[in-house]
Amino acid sequence: MLEGVFSDEVRVASAPIEDRIDSLFPEELASIRQASPARRAEFSTGRWLARKLLVELGCPPVAIPRDRDRSPRWPDDWVGSITHSGQACAAAVAPASGFLGIGIDLEPDEAVKPGLERMICYGAELDWVAAAGAAERGRRCRAVFSAKEAVYKAFHPRTRRVWRFVDVAVEIDLVSDSFRARLPADAGTPSIEGRVLRRNGWIISGVAWAG
């Protein structure tokens, strides 16, 4: 399902969400001690999966604690991203020597609730969504949402800025399964390209910010 989302330099994998509390380091466990069972399962699966990928790339097993803004704090010399939706979780990691940031997002390939289009999409994005048939518009909006989420996850660890949906403008090409995003002035680069794929009932978006 994740084939083609990133280049070979980025390691990516998915797994079903399960209770993997026993795999957590003490500092990871401390941040979710009061969380619901569902949240504990999401968190522990994400850390377990990301740590597995890091080990495959040569990083010794280390904690991936939660930062003050609740995002993962990756070990030195590594970048990554974790996403979960429904009963599925995915993670992507890469060496910081080649990438400044990685973003991955997983969404059900379903229409958003009516009215959300104007909270997520702006300008040409709204035109692109409106150009589709009634049954397709909500799914296109979901694709825009997913692409923006992947972009945010790739850049937030460095910018530490909270971008709004209006701050990032995406152009999606469903034929090539790709998108281009125009970014805010504080991003460090004016634009970036990414992938957005529809597979097996899911929308998967990925952004690799090369260093």
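Trainee: Which residue stands opposite Ile203 in β8?

Mentor: Arg198 does. Keep in mind that we are looking at a predicted model.

Trainee: What makes β7 and β8 count as paired strands?

Mentor: At least two bridges between two strands are needed. β7 (residues 191–199) and β8 have five, in the antiparallel sense, so they pair by that definition. Arg195 opposite Gly206 in β8 is another place to look. Two residues lie between the strands in this hairpin, and Asn200 takes a positive phi near 50° there.

Trainee: Why is β8 called largely enclosed?

Mentor: Buried means under 20% relative accessible area. Seven of the nine residues of β8 (residues 202–210) are buried, so the rest of the structure largely encloses this strand.

Trainee: Where do these strands sit in the sheet?

Mentor: The order is β4-β8-β7-β6-β5, an open sheet of five strands with antiparallel pairing.

Trainee: What makes β4 and β5 edge strands?

Mentor: Each has a single partner strand, so one side of β4 and one side of β5 (169–173) are left without a neighbour in the sheet. From one strand to the next, the twist averages 20°.

Trainee: Which helix packs on the sheet?

Mentor: Helix α5 (residues 134–159), which touches β4, β5, β6 (178–182), β7 and β8. The direction of α5 makes about 150° with that of β4.

Note on methods:
Residues are numbered from 1 along each chain as its sequence is written. This is a predicted model: local features need pLDDT of at least 70, side-chain atom pairs count only at pLDDT 80 or more; totals for chains, interfaces and linings use all residues. Side-chain values use heavy atoms; hydrogens and water are left out. Buried means under 20% relative accessible area, exposed over 50%, partly exposed in between (1.4 Å probe, protein chains only). Helices (H or I, at least four residues) and strands (E, at least two) are DSSP runs, numbered from the N terminus. Axes are lines fitted to C-alpha atoms, for helices over the stretch in contact, and angles run from 0 to 180 degrees between N-to-C directions. Contact means heavy atoms within 4.5 Å.
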